[in-house]
Amino acid sequence: MTREILIDPITRLEGHGRIHIFVRDDGEVDRAYLQIPELRGFEAFARGRRAEEMPQITSRICGVCPMAHHMAGTKALDDLYRVEPPPAAKKVREMVYDAFMIEDHALHFFFLGGPDFVVGPTAPKAERNILGVLGKVGLEVGGKVIAVRKELRGLIEEAAGKVIHPVFGLPGGISKPLTPELRDRFAEGAAHALELAQLALRLFREVVLANPSYVELITSEAYTHRTYYMGLVDERERLSFYDGHLRVVDPEGRPFLSYDVHDYLEHVAEHVEPWSYIKFCYLKDVGWHGFTDGAESGVYAVAPLARLNASEALSTPLAQEAAEELFATLGGKPVHHTLATHWARLVELLHAAERMGELAADPEIASPEVRTLPTETPTEGIGVVEAPRGTLIHHYVTDERGIIERANLIVATQNNAARIALSVDKAARALVHGADVDEGLLNQVEMAFRAYDPCFGCATHALPGQMPLIVEVRDLRGELIREVRRD
Amino acid sequence: MSKPKVAFYWCASCGGCEEAVVDLAEQVLDVVGAVDIVFWPVALDFKVADVEALADGEIAASFINGAVRTSEQREIVELLRRKSKAVVAFGACAWLGGIPGLANLRTREEILAEVYRDLPSVADGAMPREEVEVPEGRLHLPRFDEDVRTLDQVIPVDYYLPGCPPPVALIAQAVTALVEGRLPEPGTVLAPDVALCSECPRRATKPEDLKLERFVRPQEIVADPETCLLAQGLLCLGPATRAGCGAPCVAANMPCTGCMGPTGRVRDQGAKALSAIASLIAPSDPEGVAKVAEQILDPVGTFYRYSLPASLLHRRVGTDGGRPAEPSEPVAAAGGGEPR
Ligand code: SF4
C-alpha cells in the first residue's frame, strides 16, 4: 500500500459519510470504502414507548421524509391492532402520501440531482447548483417548482396537521376527515403537479436525451450494476407507493420473489460491517457474498429505478407511457444504469400526480367515516411503504398494553447501502490511476451518490445537498501530500 | 450599509429544522433578502475557514439546531459562539434535547447491542468499532458520545426558538428582530410566554375546574373535533406547553405532545407537565389517584418526550430498569482516532 485517499465531505456536512480509498503500489485502487460515521439508535429508545406514538417518534428519524416514517408507522399500528381503516381513511392517507412523494421528488430533481443533468455534468462548477438550473430552465420554471412545492406542502399540512412531522396517523384510520373543500384543493394541486411532471419530463428529453454524450454517460459501465431489484406492487403487480406486497426481480428481470411484508424476515437480512454504522441489507434467499453484483450476490436495489424494474406496470396511463419510453430507450427491462434513476424519478413524479388526481376525484374520499376503533389486544405489527428513497419497513412487538418491546426498522437507504458502496468502489477504480487524483473522480463519485438520493439522514442525518468534496492524499505516515477540492 | 450576517448550523438533528428554513426561504423571501448568510453548510457553499476568518462577534446571529453528540459538532458551535453576537438554540433538540434525546434512556452499549446484534433482521458481521483492520489497511469510525446534550450544556446560548420544528412565522419574527438589533433579554425564549391553551381554538370548551376520572389513548375514542381534548380524557399537554405554534396538532384533532417546550421559568418540562396533569385527577384518595395515574403509560416518554437531556433526570431513570438518575458530566472529547 503506497497511499490512502480520504474523501471527507464531513469537512462541511458534519458526520455524513466519508470515502476511504486504499491504493496499491502500482497505483491502482485496492478498495474504496464508504463509511457512515453516525448512529442515533431509535430502535433502542423506542422500547418502552406507547405504540401509538411511534408514527410521531419515528418521523424524527428524518425531517426530509417524515411522512414516509409516519405512514409506515401508522400502517404497522393497523396491523398491530388488527384493524382495517375505513376506505376513506386509506384513500386520504394515500393521496397525502402522493402529494409528499411529488414535492420530495421535485425537490430532488430540480434542486439536488438536477444540476448534474439539466446544467450538465461537464458544466463549470459554479453553475452546477440550483442557480445554474434556474439559468438553464428559466426563472419561470423555477418559480413553478417553488410554487407547486409550496402548494402541496400547504395541503399536506392541512390534512396531516404538520408537514414536517405529521400527526394524523392512528391505528384504524386518520385523526380527521377530509373536507370537500380541501378535497377540491387537492384536485387543483394534483393538476398543477401533473403539469410540473410533464414539464420536467419534457426538459429531460430536450436537455438530456437529445444529447448523445449524456446518454452515453448514463449507459456507461462505470455506473452499471447488475443486481436484484425490490419494490412494493399492487395485486396486479403494478408499482405502488402506499400498499401491497413486495416483489423482487433478478438481474435478468425475471420474477424472483413475491412476498407478504409479514414474511420480510425470511427474505431480507442485514449484514454488519465493523467499519460503518450503516447496516447492509441483502436477500437472504441468495445470501451475503460480499460487495459484488450479479445473480450470485444477494445485493439488491430499491428506489425509483428499482421500483420500475420490479413492477410489471404503472396503473396510470401517462406514467405507463413514460416508463415504456424509458425502457425502450435504455435497452429494455431491467435497466441496470444507476444514473437512469433520475429519469425513473420523473416517471414516478408523473405517476404520483396522476394518482393524486384520481384519488381527489374519488367521491368517497371526503366521507366523514375515517376511524375504525381497535378492539384486539396488540402483539405484533408490520407496516411497509415505498419511501421516495425506497422500501421502508416498520416492525413493532408490544406487550398486551401496547407498549413497545421491540422495534425493527428497515430504512430505505439501508436497502441500497451495499449497492451504493459498490458504486463508490467502481467509480474509484475507474478513475484513480497512478498518482493523479483529478476532479473527475470527485464529480463522478458525487454523481454516483446523488442518483440514489441517499438519505443517510435515515441511518444518520444528512440532508442530501450540494456535496462539497475534499480529497486528501496522505502518505503511509499519514502526512498530507496534496489536497484536491471540489467546492 | 452591509447586511447583517447570519449563520445556520445543524448538529444531531433530523433535518426538519433545515427544511423549515427552506420553507421560510420559499415563503418569506424578504426576510432572507435582508440578511447576508455567511454559513449554511447544508445548502450553501461556505467553509469553516470562512467563519474562522471573521472577526469575533461579526455574525449578528447564529441559529443552531440539533442536540450535540460529537466532538466535531462541539468545535463548530464553539467557533460560532465566538464569532456571533447572539446564538439562538433553534428547535426542540437544541433547546431541550428533543426526541433523539430519549436515547439518554439507554447506554451506548445497549444501543450498539440492540442495533447491531439483537434486532431480528441482523444476520451476520461484526459490531462497528472505532478502529478496524481491513485487508487493505486501517479504518476509523468516530465514537458517538454517551450522552445527547442540549446546546446550552456546551456553549452559552442567548435565545431559544422552540418547536419541532419551529413554526415559520416565529423564525421570521426572530430573524427580523435580531437583524434589526431589537435584542430581547438574554435567555429569552422567542415565543409567547403563555400556555398553548390560551391560543387554542378549543379553549372555550375547557372547563375551569376540569377533573378527570380516566385517561384515554387516541386510538380508543373518536375525539370530538370541537371539544377540548383534555376534557375528553386525552393527554393533551397544552396546559404545560408554550404557545406560538397555532395548535396545528389540535387542529388535526390530535393532542399536543409538548414540542414547544415549557413556559416561563419552568426548570423541568416533564415535571411541570406531570404535575399539571396529575392535578386534574378527580379522586382525592391515594388509592383512587393511583388507579387513574396508572392509566398514564410511559410517563417518561410522554412528559419528557422532547426534554429529557435538559431535565433534572438528564439520563436514565430508575423505573427503566437502569441506574438511577445522575448528573451529567462533561463528556471527554469523542472521536477517538478519527482521521481529521
Ligand atoms: S388542553 Fe389541549 S385541546 Fe384543551 S384547550 Fe389546551 S391545547 Fe386545546
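## Contacts of A:Met356

Not counting residues up to four places away in sequence, A:Met356 touches A:Met95, A:Asp98, A:Ala99, A:Ile102, A:Phe186, A:Ala190 and A:Ala193. The model in which these contacts occur is predicted.

## Nonpolar core

A:Met356 also belongs to the largest nonpolar core, where it is among the residues with the most contacts inside that core, together with A:Val248 and B:Ile64. This core comprises 251 residues. Its greatest contribution comes from helix 4 of chain A (residues 87–119), which supplies 15 residues. In soluble globular proteins, nonpolar side chains tend to be buried together.

## Interface between chains A and B

The contact between the two chains involves 77 residues from chain A and 71 residues from chain B. On the side of chain B that touches chain A, the elements giving two or more residues include helix 4 (71–83), helix 6 (108–118), strand 6 (131–134), strand 7 (137–140) and helix 8 (248–251). Helix 1 of chain B gives the most to this side, with 8 residues. By class, the side of chain B that touches chain A consists of 41 nonpolar, 13 polar and 17 charged residues.

Within strand 5 of chain B, B:Asp124 is the bridge partner of A:His271.

## Ligand surroundings

Around the ligand there are 15 residues, of which B:Cys197, B:Cys200, B:Cys228, B:Cys236 and B:Gly238 come nearest. Classified by type, this shell holds 11 nonpolar, 1 polar and 3 charged residues.

Conventions: Residues are numbered from 1 along each chain as its sequence is written. Chains are lettered from A and ligands numbered from 1 in the order in which they are written. This is a predicted model: local features need pLDDT of at least 70, side-chain atom pairs count only at pLDDT 80 or more; totals for chains, interfaces and linings use all residues. A nonpolar core is a set of buried Ala, Val, Leu, Ile, Met, Phe, Trp, Tyr and Cys residues joined through C-beta atoms within 7 Å. A residue is buried if 20 or more other C-beta atoms lie within 10 Å of its own, exposed if 12 or fewer, and partly exposed in between; C-beta atoms are placed from the backbone. Helices (H or I, at least four residues) and strands (E, at least two) are DSSP runs, numbered from the N terminus. Two residues are in contact if their C-beta atoms, placed from the backbone, lie within 7 Å. A residue is near a molecule or strand if its C-beta atom, placed from the backbone, lies within 6 Å of it. Ala, Val, Leu, Ile, Met, Phe, Trp, Tyr, Cys and Pro count as nonpolar, Asp, Glu, Lys and Arg as charged, and the others, Gly among them, as polar. Two strands pair if DSSP finds at least two bridges between them.
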